[in-house]
Structures are given as structure tokens and as C-alpha cells.
Amino acid sequence: MHHLLLALSVSPSPAPTPSLRPGLSEDQVTPGTWGFVLTAFIVILTTFLIVDMVRRIRRVRYRAQVEEARLAAQADAGDAADENGDAGTGTR
């Protein structure tokens, strides 16, 4: 326990100032203008794709709800016709 306290109390030496290795320029280690443009294009494209996907999913869900309501209305109309004695054949 004493060693842990001693290790925590010792202040570390200051970190060296960041610098590049000899022979490297900043252009070789940063993405630059083209990297920024490409990244921005990918972000914008992804945003448009997500918006389009959400719109399509919403449209499919809405169509399924309308189809369910239509089938339920048909079933209710069929049940009402059976209760009234109409077989739905068109004969009297």
C-alpha cells in the first residue's frame, strides 16, 4: 500500500512538446482540404440517405395501416351482411 501511495504522490515529468519527426511535413500527416471536402460529402450523403430511408419506411407503414383498415372494414361489412340474412350471392 505504501508503494501505491508513493507512486501516486510522485509528480510525472512534463510531457515533451509535440513536434514532427525530421523529414515529415504537416501536409503528410493531416488530411488537408481534400480530406475535409470528402468527409463533408460523405456526411451530407449519409444524411440524405437516412432521411430518404425514414420517408420510405413511413410510407410503407402508412400503406400497411390503410390496408389493415380496408380489410377490417370488409370483414365488418361481411359480418353485417351475414347477420341480416344476406348471403351476398345476389339472389332473393
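A patch, as the term is used here, is made of residues with over 30% relative accessible area and no salt bridge, with like charges joined within 9 Å and nonpolar side chains (Val, Leu, Ile, Met, Phe, Trp, Tyr) joined within 5 Å. The structure is a predicted model, in which local features need pLDDT of at least 70 and side-chain atom pairs count only at pLDDT 80 or more, whereas totals for chains, interfaces and linings use all residues. Residues are numbered from 1 along each chain as its sequence is written, and side-chain values use heavy atoms, with hydrogens and water left out.

**Whole chain**

Select the protein chain and display its secondary structure. The chain contains three helices and zero strands, and the order along the sequence is α-α-α. These elements are DSSP runs numbered from the N terminus: helices are H or I with at least four residues, and strands are E with at least two.

Next, colour by pLDDT, the predictor's confidence in each residue on a scale from 0 to 100. The mean for the protein chain is 82, and 75% of the residues reach 70 or more. Confidence is lowest in helix H1 (residues 2-9), with a mean of 69, and highest in H3, with a mean of 92.

Then show the surface. The protein chain exposes about 9000 Å², of which carbon and sulfur atoms supply 64%; such areas come from the Shrake-Rupley method with a 1.4 Å probe, and for residues only the protein chains shown count as cover. Of the 92 residues in the chain, 1% are buried. Here buried means under 20% relative accessible area, exposed means over 50%, and partly exposed lies in between (1.4 Å probe, protein chains only).

**The nonpolar patch**

Select Leu38, Phe41, Ile42, Leu45 and Leu49. Together they form a nonpolar patch on the surface with about 500 Å² of accessible area. Leu49 belongs to helix H3 (residues 32-83). Leu49 counts as exposed because its relative accessibility is 53%.

**The salt bridges**

Select Asp52, Arg55 and Arg56, which are linked in a network of salt bridges. Between Asp52 and Arg55 the closest N and O atoms are 3.1 Å apart. These two residues are three apart in helix H3, so about one helical turn separates them. Between Asp52 and Arg56 the closest N and O atoms are 2.9 Å apart, and this pair also lies in helix H3, four residues apart, about one turn of the helix. Asp52 is partly exposed at 23% relative accessibility, as are Arg55 at 44% and Arg56 at 48%.

Move on to Glu67 and Arg70, whose side chains meet in a salt bridge at 2.5 Å, N to O. Glu67 and Arg70 are three residues apart in helix H3, which means a separation of about one helical turn. Both are partly exposed: Glu67 has 34% relative accessibility and Arg70 has 39%.

**The negative patch**

Finally, select Asp76, Asp79, Asp82 and Glu83, which form a negative surface patch. Lys and Arg count as positive and Asp and Glu as negative, while His and the chain ends are not counted. The place of a charge is taken as NZ of Lys, CZ of Arg, CG of Asp or CD of Glu. Asp79 is found in helix H3 and, at 44% relative accessibility, counts as partly exposed.

Key
Salt bridge = Lys/Arg side-chain N within 4 Å of Asp/Glu carboxyl O.
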